[in-house]
Amino acid sequence: MTTGILLQIAQTLAAILLAPLLMGWVNQCRAWLQGRSAPPITQPYRTLRKLFHKDAVIAHNASPLFRFAPYMVFACMALAAGLVPTIANDLPFSPAADAIALVGVFALARVFLALAAMDIGTSFGTLGARREMLVAFLAEPALLMVFFTASLISQSTELPTIVETLAHKEFVLYPSMAFAAVAFWMVSTAENARIPVDNPTTHLELTMIHEAMILEYSARHLALIEWAVALKLFTYSALGIALFLPWGIAPQGELNALPLAVLALVAKMAVGGAALSLLEAISAKVRLFRAPEFLGTAFLLGVLGMLIHFLLEV
Amino acid sequence: MNESLLSQMPELVNLAWMGVLCWIGLGFAALFLQKSRGLLSLVFPLGTLVALAMAGLGLAGLLLPASAVVLPIGLPDLPMHLRLDALSGFFLLLLGGAAFGVTLYAWGYFKDLAAGPLALILLWYHLFLAGMSLVLLADDAYAFMVAWEVMALSSYFLVTTDHDQPAIRSAGFLYLLIAHVGAVALLLCYGVLQGGEVANAGAYTFAYMRHAEMTPFWASAAFLLALFGFGAKAGLVPMHVWLPEAHPAAPSPVSALMSGVMLKTAIYGLLRVTFDLLNVQLAWWGTLALTLGLVTALYGVIFAAVQSDMKRLLAWSSIENIGVLLAGFGLTLIFYTDGKGALAALTLTAMLYHALNHAFFKGLLFTGAGSVLHATGERNMDRLGGLMAAMPWTAWLTLMGALAIAGLPPLNGFVSEWLLLQAFLLTPGLSHSYLNMVIPVAAAAVALAAALAAYVMVKFFGVTFLGAARSPAVSHAHEAGWRERLGMLWLAAGCVLLGLFPVQVIDALAPVVRLLTGQTLVNGGNWLMLAPVDAERASYGPLVFFAVVLVTLLLVFLWVRKAYHGRVRRSDPWDCGYPEQDARMQDSAEGFGQPIRLIFSSFMRVERDTPDPFDRQPKYRGDSRDKLWVLLYQPIADLAAWLSEQAGRLQHGRIQWYLIYSFATLIFLLVFVTR
């Protein structure tokens, strides 16, 4: 039990500390693909340090909610990072929240960020909040459908049991999971504000979603949000790995499998990050009102995945 | 010892009808106390005490064995039968719990009213509560229908409190009309249930109906009539049209009761008739209810997203929640008729839990909206905004309700949603293969409705309380009084506690679930962890979850302060450096809902007046109306108008013609009788 708790804390802390590194790696890969000279992989850490040192500038009419939201968003993402099995499986905190609750945690963070964006009352803030909720209302059920497909296969909504079933049972290919994987990729681009739904580097009013919400933030509040964004990308990558490439995650109580698990995770994250930047480099951002179509497709693919599970796998 | 003590105690049901009498007494006392303002202001606090007592009785009724009584009033052959069993007890608890908070709130809300109108509100308000609790206690069809009518009429008079406005009068009329169409269906339903025994008045008792044998045909007829009758009360699509008109028209505490409690009496009736009074249940009823429920849920939430009037938005959101409840009811029926008692128990638990949750968070949201309305005189969100500064208590408490109804952990809305989704995921156990496949798709619809509910709540809270004030009405807004705050605090506490202690709540729900499905939900976890099937399959521990969020929050906060600093500088908002900003450049309520209107425009009839570019004083008007009104209700109204016009031809005011009518009728009847 004690080792379990220690491992849980270690895994969560590792996720928090390594998340900016993944962000740095993705940015580096993208710069290479675009033929630019890349910033160092540690650039996100430097940005965070710079932001933490600055004085926070807050609008006159900001309410306490505005200052509370970054902490809330960060706490939610840290919690989510603790829930997803990255290195070790079946840690002591996982029974407190299953896959559905994980979707709830993401939603909680999103609602707080959207409300904070509306707090100052600027045109861009409300625009961002509206667009974010628009993207979310299709992305969230689509993510749930992905989880439902996985949980119909494993007869459980507990992430450890899902990973256990998908990784350690005899090698079976699930066609439904192929649909789910495509749906999951589409959802995670939308949820992490990546191309083709959103562009993390834009400040153009016609296109921005996530950036519009955090325009009024500065210094430590912005740092926490940026860090939470990196953490979200890390958690989604870990989630994708756990659902679709779960091999290598150490089962409960097997401490000697841990070094291999760490190596496997690093390798998978490196490949995954490179793949993400490649996909971003070759696709174009869609118009805002094509985004619901894009996500509607993701939702339908998730539902199709479930139907295919019933048709072929039962 | 314990046994003898129990036998000496008065029967619970006697205490319950005394509570009902207290409410009736308080209502009529208010009429005679109009002279004394001091005594009049005591009526609401006394009402809260009765509400608390009723909640306690409900809890006792839930846990103790059923008790029944026959009152010596009523029809000659049919005295009033009352009974308090676990099902009535649960809904009585819901009623008392929500009514306590709302009555506390109403005490403050109506305090500035003149004695005359106040006395009338007190009368109808307490009769409304009495009627609702009598509906729950009634054990024969006659008592039920009388209580049902008391409830409908008293709420009609409450809805039309501001009857000098034509819009409110017509909303009240629509409400009265649909309530009575529904009541006729219920009357017919009880007629079917008692098996057509004309001579035997005793056949109208529920005790008789429970044992009456029914063919599947007549059972289905009774079920469909009940679904129609109770559906009209609950706001099931397509009988929902009265709801978004009547709920906003009523004073806010009354809206809170109507949405939070009155809609649940319809759910109670549906459960009572289907699982208790009918001996046969058929699977297709469940499929029908599930489909109707999902349609209602999606329809409600889509329309909630495009509303600009905050109380109308909440009313549409109530339609959504009723849809979710009905979907849960349908799924329970499907499991139950398939012999999957344990799964039926899980689904029923989820549904009852959601009913309780909805009473608390919708009560809280309506009271919060009421405080805003009281402070600013505005219901239109397009003229609100930035109220968090002036009304911090109301804002934070309403935020609790908004987060809870959006289904976010660790509040209560999430628990019932989670349980319901778990139930949907368990359908592969069913014996019909087509249901196996279709029902997870239904889960997708529930998930979509829940995600849209978050959209609606961000819109509701963000546009009303955050941002900058959109009109001068907001600038002199004031915080709600202490009684209002106390009432809202009670409802918010309900949302938090129901969210954090699901295991205990589910244990308390067990007697109802056993009564209706014959099984209970066994928690596979411990007191901290909710695990409806077993811990391997799914578990959720809100208390642990909450503690971890709280600790992480504190740690991050302390770390940022310790390692860096907490310096803050105030300045103008940046907004991409755009120089000329004013409050009208924020999203209006209309603007925030625009993407939803665009995506789901096929369900709506959108009317828009857009100004042309050279207009000196441009005015924009947009109105998204319910297409069903045009497609379904308008033809019915036209038909009724045409029929009355045709009947009107008989009337031309000449006495000779009327005498001829009477003569013809007489001849006809004579022929008929002598034959």
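The model is predicted. Helix α19(B) also packs against α17(B) of its own chain, and α5(A) supplies the largest share of the side of chain A that touches chain B.

**Packing of α5(A) with α19(B)**

- On the α5(A) side the contact is made by Ala129(A), Met133(A), Ala136(A), Phe137(A), Glu140(A), Pro141(A), Leu144(A), Met145(A) and Phe148(A).
- These residues meet a set in α19(B) that includes Pro440(B), Ala447(B), Leu448(B), Leu452(B), Tyr455(B), Val458(B) and Gly462(B).
- By class, 18 residues of the contact of α5(A) with α19(B) are nonpolar, one is polar and one is charged.

**Packing of α17(B) with α19(B)**

- Within chain B, α17 (residues 392–405) and α19 (residues 433–465) pack at an angle of about 170 degrees, and their axes are 9 Å apart.
- This pair is therefore roughly antiparallel, and α17(B) and α19(B) cross in the right-handed sense.
- Helix α17(B) contributes Ala395(B), Thr398(B), Leu399(B), Ala402(B) and Ile405(B), while α19(B) contributes Ala453(B), Met457(B), Phe460(B), Phe461(B) and Phe465(B).
- Nine residues of the contact of α17(B) with α19(B) are nonpolar and one is polar, with no charged residues.

**Contact between chains A and B**

- Chain A and chain B each bring 67 residues to their contact.
- The elements of chain A that each supply at least two residues to the side touching chain B are α2 (43–53), β1 (56–59), α3 (64–83), α4 (99–119), α5 (123–154) and α11 (291–313).
- The largest share of that side, 17 residues, comes from α5(A).
- The side of chain A that touches chain B has 45 nonpolar, 14 polar and eight charged residues.

**Paired strands**

- Strand β1(A) pairs with β3(B) (residues 568–571) in the parallel sense, over four bridges.
- In this pairing between the chains, Ala56(A) stands opposite Val568(B).
- Strands β1(B) (residues 67–74) and β2(B) (residues 79–84) pair in the antiparallel sense over six bridges, and they form a hairpin with four residues between them.
- Within the hairpin, Val70(B) stands opposite His81(B).

**Domains of chain B**

- Chain B is divided into domain 1 (281–561) and domain 2, the latter made of two segments, 603–609 and 619–643.
- The C-alpha centres of domain 1 and domain 2 of chain B lie 31 Å apart.

**Backbone features**

- Most residues other than glycine have a negative phi, and most peptide bonds are trans.
- Ile195(A) and Pro196(A) are joined by a cis peptide bond with omega about 15 degrees, and Pro196(A) lies in the loop between α7 (175–191) and α8 (210–213) of chain A.
- Ala193(A) lies in the loop between α7 and α8 of chain A and has a positive phi, near 55 degrees.

Note on methods:
Residues numbered from 1 in each chain as written. Chains lettered and ligands numbered in written order. Predicted model: local features only at pLDDT ≥ 70, side-chain atom pairs only at ≥ 80, totals over all residues. Axes fitted to C-alpha atoms, helices over the stretch in contact; angles between N-to-C directions. Parallel < 35°, antiparallel > 145°, perpendicular 65-115°, else oblique. Left-handed = near helix turned anticlockwise from the far one by under 90°. Contact = placed C-beta atoms within 7 Å. Nonpolar A, V, L, I, M, F, W, Y, C, P; charged D, E, K, R; others polar. Pairing = 2+ DSSP bridges. Domains from an automatic or database assignment.
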